[in-house]
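I set out to record what I looked up in this structure, entry by entry. The notes begin with a charged pair and then turn to the strands.

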Amino acid sequence: MRDCTEYSKRTFLKTILGGAASLLSLDSACVQAKRKNKSATDTNDHGRADYTLHIAATPIEIAPKKIISTITYNGQFPGPLLRFKEGRQVTVDVFNDTATPEQLHWHGQLVPVSVDGAAEEGTPFIPAHGMRRLVFTPRPSGFRFYHTHNRAGANLGAGQYSGQVGPVYIDPRNEPGNYDREIFLVLKEFEPTFSQGGDMAQDFLSPATEVSELKQQGETAMAASLKKGMPHGYEVGYDSFTINGRMLSHGEPIRVRQGERVLFHVLNGSATEIRSLALPGHVFEVVALDGNPVPTPKKVPVLWIGTAERISAIVGMNHPGIWILGDTYDDDRNHGMGMVVEYANRTGKAQWTPPPHSKWNYTWFGSTKPAQEPSQTFDMTFTKANASDRGFNRWEINGVSYPNTMMPVRAAFHVEEGKRYRIRMRNASDDIHPIHLHRHIFELTNVAGQRTAGIMKDVVMVGGYQTVEVDFVANNPGLTLFHCHQQLHMDFGFMTLFEYI
Ligand SMILES: [Cu+2]
């Protein structure tokens, strides 16, 4: 039996990602999802859309009798897998069945402002109880996704705290790859709550080089705030954790055969969290980051995935048993962040064994060729004003905090079409920031002091008190949003705009 989370390459086209959002058994959920989305598979004849999405508050069952209400696409979590062909125009009708104007962002695609889905750039809203027809040409090929781009602020039911996340796969003209099957995994937490405990330190990033000047700046500011009697700013924690909308052991297992090579496309759909993923006795051969093939594929025991990042990795199924594919952090895995991998003809309880302690270094996947030199370098320093906005941390880029609106402001950075730019990011806080640039793909050129090239991404984690440099070519005119993808950071100032001159 195949479940909805599994696709043979040949039957893939425009099927719907299920494995979630179901009050029924998984198989009937697949059937129902396909029927519900019949319009999603219509062709573009007579002005009909290729895909139709409905944004609405719906119940989803993440474990037996554990039903939560959240805003979803088409009543399911994750949203349907949208399969596009690179360079072939598509029409997507988005109906907003809620009382709040919405934005749907095509993350990782080089699309115009009119459809990108960021009000700060000037994309029109999808009106409350209204719809927008989006017509655009998907590019580039690879694993992308779509999600809401609404500001949530203090509302833990809004923005990416909701279930508005779905995968996109843009097929290249020639699909290479030596694997038997593709499986999409969307990692997502539900039932968020605020806490003021301070975030847990995570030390998986390599190199671990900190810049003493940034550390001094950050620690001095924090000490001054605490001395004034301020508590730590709010953080967000979660009660339940899911892969493809089901808590560990409550979804259909991934059924495999010994000797199979499975290509996993993993999306971190979290609003705020960095995730890890391991499969006991197996390694992941990372072949693409954020949907873009890497110059140097490499086998690793653990995937580390920042908010909104994607990793595509091949797993050779050569260690028969019943295993938990799960987060390495026990508490999160025990609260649901995992999925059972079941070899044919094996029975028993799913096993977990901790992987070896492992680091994550983007430069492993890079090329040794030097990166091109840019025409100009923009310096950015990220700072935190602890608890300064009604208990929320306020974030600044070069001392400027984006206002708590979703409106465009005067752009801080200016680019000329065709030129190559470097952004030198200096993080004067102890948090890891998954930094995202809209409508462009950037190349990592320096990670915490280590030079690299050839790794093309749209999100990069910048470690506490570290520096990271990325280059991009200004090849997609229009206002371009740059922000931390951690919802609580972007909502409280951690955004800025690039403008073409
Ligand atoms: Cu951040």
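**Entry 1: K457 and its partner.** I am working from a predicted model. I then searched for a charged partner and found D290, which forms a salt bridge with K457. The closest N and O atoms of the two are 2.8 Å apart. I placed D290 in the loop between β15 (284–289) and β16 (292–300), and K457 in strand β27; the pair therefore ties together parts that are 167 residues apart in sequence. I also checked D290 for burial: its relative accessible area is 0%, so D290 is buried.

**Entry 2: the sheet that holds β27.** I asked in which order the strands of the sheet stand. The order is β22-β21-β24-β29-β26-β27, six strands in an open sheet with mixed pairing. At the edges I noted β22 (392–397) and β27 (450–457); each has a single partner strand, so one side of each lacks a neighbour in the sheet. Neighbouring strands here are turned by 25° against each other on average, direction ignored.

Strand β21 (residues 376–389) runs antiparallel to β22, and five bridges join the two. Within this pairing I located D389 opposite F392 of β22. I next looked for a helix against the sheet and found α3 (residues 212–227), which packs on it and touches β21, β24 (420–427) and β29 (467–473). The direction of α3 makes about 20° with that of β21.

Entry 3: I looked up D471 and R420, whose side chains meet in a salt bridge (2.9 Å, N to O). D471 lies in strand β29 and R420 in strand β24, and the two are 51 residues apart. I recorded a relative accessible area of 2% for D471, which is therefore buried. R420 has 10% relative accessibility, so R420 counts as buried as well.

**Entry 4: salt bridges elsewhere.** How many salt bridges does the structure hold? I recorded 32. One of them joins the side chains of E189 and R275, at 2.5 Å from N to O. This pair links distant parts of the chain, with E189 in strand β10 (residues 181–195) and R275 in strand β14 (residues 275–277), 86 residues apart. I checked both for burial: E189 counts as buried because its relative accessibility is 2%, and R275 counts as buried because its value is 1%. I also noted a network in which salt bridges with shared partners join E189, E273, R275, D327 and D332.

**Entry 5: strand β25.** I asked how many of the five residues of β25 (residues 433–437) are buried. The count is five of the five, so β25 is largely enclosed by the rest of the structure. I noted that H433, I435 and L437 point one way from the strand, while P434 and H436 point the other way.

I then looked up the partners of β25. Strand β28 (residues 459–462) runs antiparallel to β25 and is joined to it by four bridges; there H433 stands opposite V462. Strand β30 (residues 480–484) is also antiparallel to β25, with three bridges between them. In that pairing I found L437 opposite F482.

Note on methods: Residues are numbered from 1 along each chain as its sequence is written. This is a predicted model: local features need pLDDT of at least 70, side-chain atom pairs count only at pLDDT 80 or more; totals for chains, interfaces and linings use all residues. Side-chain values use heavy atoms; hydrogens and water are left out. Two strands pair if DSSP finds at least two bridges between them. Axes are lines fitted to C-alpha atoms, for helices over the stretch in contact, and angles run from 0 to 180 degrees between N-to-C directions. Contact means heavy atoms within 4.5 Å. Buried means under 20% relative accessible area, exposed over 50%, partly exposed in between (1.4 Å probe, protein chains only). A salt bridge is a side-chain nitrogen of Lys or Arg within 4 Å of a carboxyl oxygen of Asp or Glu.
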